[in-house]
Amino acid sequence: MALLSRKKKAAEPAPSFEEKEGGKNRPTPKRKDAIAARPVTPYMKGSKAKGARGARTADRAARSDTYAQRRQAAERGELPRDAGPERALVRDVVDSRRNMLGLMMFLALGLFVESLVGNALPSAVSVVITSGLFAFFLVAMLDAAVLMRLIRKHVRAKFPDYRKPYRFYAFQRAISPRRLRIPKPRRHAGDPL
């Protein structure tokens, strides 16, 4: 029975510390005492949030507000990359026609799936699928060339002195699916310019 029971020990006196040169010369405080002794500083002036946790919460809220404002500005076309009547014309030309480039994401997904299951398929089926995907890729690149010529024609007709690069901007917009485009399209496919 002695093994299972504990004997109460008499209270031991606090250990005495010898002062050493370069030592802290005091006992280590209990954790709750150390936490209570930490200074509490507000993260932002006038903020009710205090301490590290409150600072993170306030920082997260500020970033969320900034992101929401930036997203709304992007949807209205007010970001520097979208600003100007020239860029608006480029967006309108891209949005007013059906582009093969908008299907490029699906092409990439198809190539990925084909590479995963290509060994499981008969070789003739795999060759047909791969050939079809690459043929679609070539047609999409030809469509991109036609789109770039059309954009250049409209931009030069309306803004003859505009010389800033816009081809990558147009390509980037054309390659994204219509529902994901930001700013939102103002024209439907087939609308005249």
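**Charges, rings and a core**

Author: Welcome! In this predicted model, Arg87 lies over the face of Tyr169, 4.4 Å from the ring centre.

Reader: Why is Arg81 called partly exposed?

Author: Its relative accessibility is 39%. Buried means under 20% and exposed means over 50%, with partly exposed in between, so Arg81 counts as partly exposed.

Reader: And why does Asp82 count as buried or exposed?

Author: Asp82 has 1% relative accessibility. The cut-off for buried is under 20%, so Asp82 counts as buried.

Reader: What makes Arg81 and Asp82 a salt bridge?

Author: Their closest N and O atoms are 3.4 Å apart. The rule asks for a side-chain nitrogen of Lys or Arg within 4 Å of a carboxyl oxygen of Asp or Glu, so the pair forms a salt bridge.

Reader: How do you know that Arg97 forms a salt bridge with Asp143?

Author: Here the closest N and O atoms are 3.0 Å apart, and the limit is 4 Å, so this pair qualifies. It links distant parts of the chain: Arg97 sits in the loop between α3 and α4, Asp143 in helix α5, 46 residues apart.

Reader: Why are Arg97 and Asp143 called buried?

Author: Arg97 has 18% relative accessibility and Asp143 has 12%. Buried means under 20%, so Arg97 counts as buried, and so does Asp143.

Reader: Which residues touch the most other members of the largest nonpolar core?

Author: Val90, Ile151 and Val155 do, in a core of 20 residues. Helix α5 gives the most to this core, with seven residues.

Definitions and conventions. Residues are numbered from 1 along each chain as its sequence is written. This is a predicted model: local features need pLDDT of at least 70, side-chain atom pairs count only at pLDDT 80 or more; totals for chains, interfaces and linings use all residues. Side-chain values use heavy atoms; hydrogens and water are left out. A nonpolar core is a set of buried Ala, Val, Leu, Ile, Met, Phe, Trp, Tyr and Cys residues joined through side-chain atoms within 4.5 Å. Buried means under 20% relative accessible area, exposed over 50%, partly exposed in between (1.4 Å probe, protein chains only). Helices (H or I, at least four residues) and strands (E, at least two) are DSSP runs, numbered from the N terminus. A charge sits over a ring if NZ of Lys or CZ of Arg is within 6 Å of the ring centre and within 35 degrees of the ring normal.
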